Amino acid sequence: MDTIIKFVVNVVSLGGTYALLALGLAVVFSVLRLINFAHGEMMALSGYVLLAGIVLGVPFWVAAVSAIVAGGLAAIIMEATAFRPVRSASPATLLMTSFAVAMLLQVIFQNGVSPRGQAVPVPSFFNSSVSIGPAQISMIQLISIIVSLASLVLLRFFFFNTRMGWAIRASATEFEIVRLMGIKASRLIALAFLISGLLAGIAGVLWVMQRGSVDPLMGLKPVLAAFIVVVIGGLGSLSGAVIAGYLLAAIEIALQTWLPESLVPFREALTFIFVIAVLSVFPNGLFGRRVPEKV
Amino acid sequence: MSVLLDVANLNVSYGGVQAVRDVSLRVEEGEVVALLGPNGAGKSSTLRSIVGLIKSQGDITFKGQRVSGRACERIVSLGLTLVPEGRRLFPQLTVRENLLLGASRGSHDETYERLLDTLPILAERQRQYAGTLSGGEQQQVAIARALMSRPQLLLIDEPSLGLAPTLVTVVYGLLSDLRETGLSMMIVEQEVMRVLRFADRAYAMATGSIVLEGPAAELLASDQVKDVYLGVTS
């Protein structure tokens, strides 16, 4: 019972973070056919802003909100300066641009702060534990579950009840026709980046709070997982990204919990075998449709 | 009658290949104009450049305002829109969401309700994903979606493409109702006979240029149209 509760809590908390990151990638992919490789750096940027806030002694929630807003702003600036000039270029050009942005930010973090990890002194309240039945879970896990679920609910409302939300969902298959509906392309793209940046910011804050440190490459591993999630969920499918986020977390945590010790070194290999299996049965991902080329 | 759309010396090229060459045409208020021609004649490119989806050279004037070079979304807001070839609905959105997304100008509850009344199929399927509809239903939804922006001129690209003859009749029934409301239309169509019986005037294109124009009835009677330009033999 204890193990089961812990398993569920771990899955929902890690899966929530994966879902937020994957959703951010999927939203930008919908409007621009770009998998943004600088997504992890937005996450790291938020981590640094959180650290700066704590060091400056502002209340924790102010630091956290600033960090999330910084993620959103960074995304908008990134779109306006790096991606807008090459918007009509091939997807490969956009992809290379995102690599360049990622490296630029990494260098800024390495030279401006430090290549090494910086400890982030999170208030001790977050390290207290809460009991759910027989299991003890940490406050930070509880918070990350609540925050990620709340963000997802809010976004669901946005995507299914507002005209701009419909437009972003529609962009996944018919970006050009969305313009024919009178929606301004540049506003839609900027909005998609804003959402993706805010989501990276939220994920960044939760990630840093759980690990207690921030480093220039901290976004690499979770965003790599989010790339996998987006592909499993089906490129262009927003709900697919969320579901696949929890699914990948469940597999990772299950392997971590129940795999015999002798097989632990193969944990990641087993995860990837699962990914390959899914893609060989569903080449477009679980919820994907064939994405038409951008015209 | 006053001129609603005036296109003068339109040229469109794709990477050095000229798709549309010096095309001039006009649509008057309340008029239905057919644009004919074989595949690759430049009909779709003409429509797409009029609504600003592709770049073009030349002068396009709508309601006396120069629209050439303007962004697609701004042209649509003036009351000119396109029902694209192949419907191009948003498959992962419901019928209702497809329509409301099309409502680019102001509040459109009224337009929406009116469309539900005119097209019972919409009322039945409004919660259904557009991707699950049949071709004929999709074409009706595509036209309805365009109507949500309350256009004065509707450009329609191949409304009967891929539809069974009975459904083509349904779609043309809808277009005929729209004509009654005073909506102007320009229709690109492969079903030459049907569209010539429906339209007031027609233009025929071949390899990027307009080669014939005149009242639809005249083109319908002309052997030249049947044999040479439209590839139908009587």
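Predicted model: local features only at pLDDT ≥ 70, side-chain atom pairs only at ≥ 80, totals over all residues.
Residues are numbered from 1 along each chain as its sequence is written, and chains are lettered from A in the order in which they are written. Local features need pLDDT of at least 70, side-chain atom pairs count only at pLDDT 80 or more, totals for chains, interfaces and linings use all residues, and side-chain values use heavy atoms, without hydrogens or water.

Two packed helices are described by the angle between their axes and the distance between the axes. Helices are DSSP runs (H or I, at least four residues) numbered from the N terminus. Axes are lines fitted to C-alpha atoms over the stretch in contact, and angles run from 0 to 180 degrees between N-to-C directions.

| Helix pair | Angle | Axis distance |
|---|---|---|
| H2(A) (residues 39–56) and H4(A) (residues 91–112) | about 25 degrees | 10 Å |
| H8(A) and H10(A) (residues 267–281) | about 25 degrees | 10 Å |
| H8(A) and H9(A) (residues 238–258) | about 120 degrees | 8 Å |

Angles under 35 degrees count as roughly parallel, over 145 as roughly antiparallel, 65 to 115 as roughly perpendicular and the rest as oblique. H2(A) and H4(A) are therefore roughly parallel, and their crossing is left-handed (the near helix is turned anticlockwise from the far one by less than a right angle; clockwise gives right-handed). Contact (heavy atoms within 4.5 Å) joins A:Glu41, A:Ala44, A:Leu45 and A:Tyr48 of H2(A) to A:Ala102, A:Leu105, A:Gln106 and A:Phe109 of H4(A). By class, this contact has 6 nonpolar, 1 polar and 1 charged residues; Ala, Val, Leu, Ile, Met, Phe, Trp, Tyr, Cys and Pro count as nonpolar, Asp, Glu, Lys and Arg as charged, and the others, Gly among them, as polar.

Helix H8(A) spans residues 220–233. H8(A) and H10(A) are likewise roughly parallel, with a left-handed crossing. Residues making this contact include A:Ile228 and A:Ile232 of H8(A) and A:Phe272 and A:Val275 of H10(A). The contact divides into 8 nonpolar, no polar and 2 charged residues.

H8(A) and H9(A), by contrast, are oblique to each other, and H8(A) passes H9(A) in a right-handed crossing. Here A:Ala225, A:Ile228, A:Val229, A:Ile232 and A:Gly233 of H8(A) meet A:Gly240, A:Ala241, A:Ala244, A:Gly245 and A:Leu248 of H9(A). This contact comprises 7 nonpolar, 3 polar and no charged residues.

**Interface of chain B with chain A**

In chain B, 25 residues are in contact with 20 residues of chain A. The two chains bury about 2100 Å² between them, 58% of it on carbon and sulfur atoms (accessible area, 1.4 Å probe, lost on being put together and summed over both parts). On the chain B side, B:Glu73, B:Gln92 and B:Leu101 lose the most area to chain A, together 31% of what that side buries.

The interface holds 5 salt bridges (a side-chain nitrogen of Lys or Arg within 4 Å of a carboxyl oxygen of Asp or Glu). The side chains of B:Arg88 and A:Glu174 form a salt bridge at 2.6 Å, N to O.

Definitions and conventions. Helix = DSSP H or I, 4+ residues; strand = E, 2+ residues; numbered from the N terminus.
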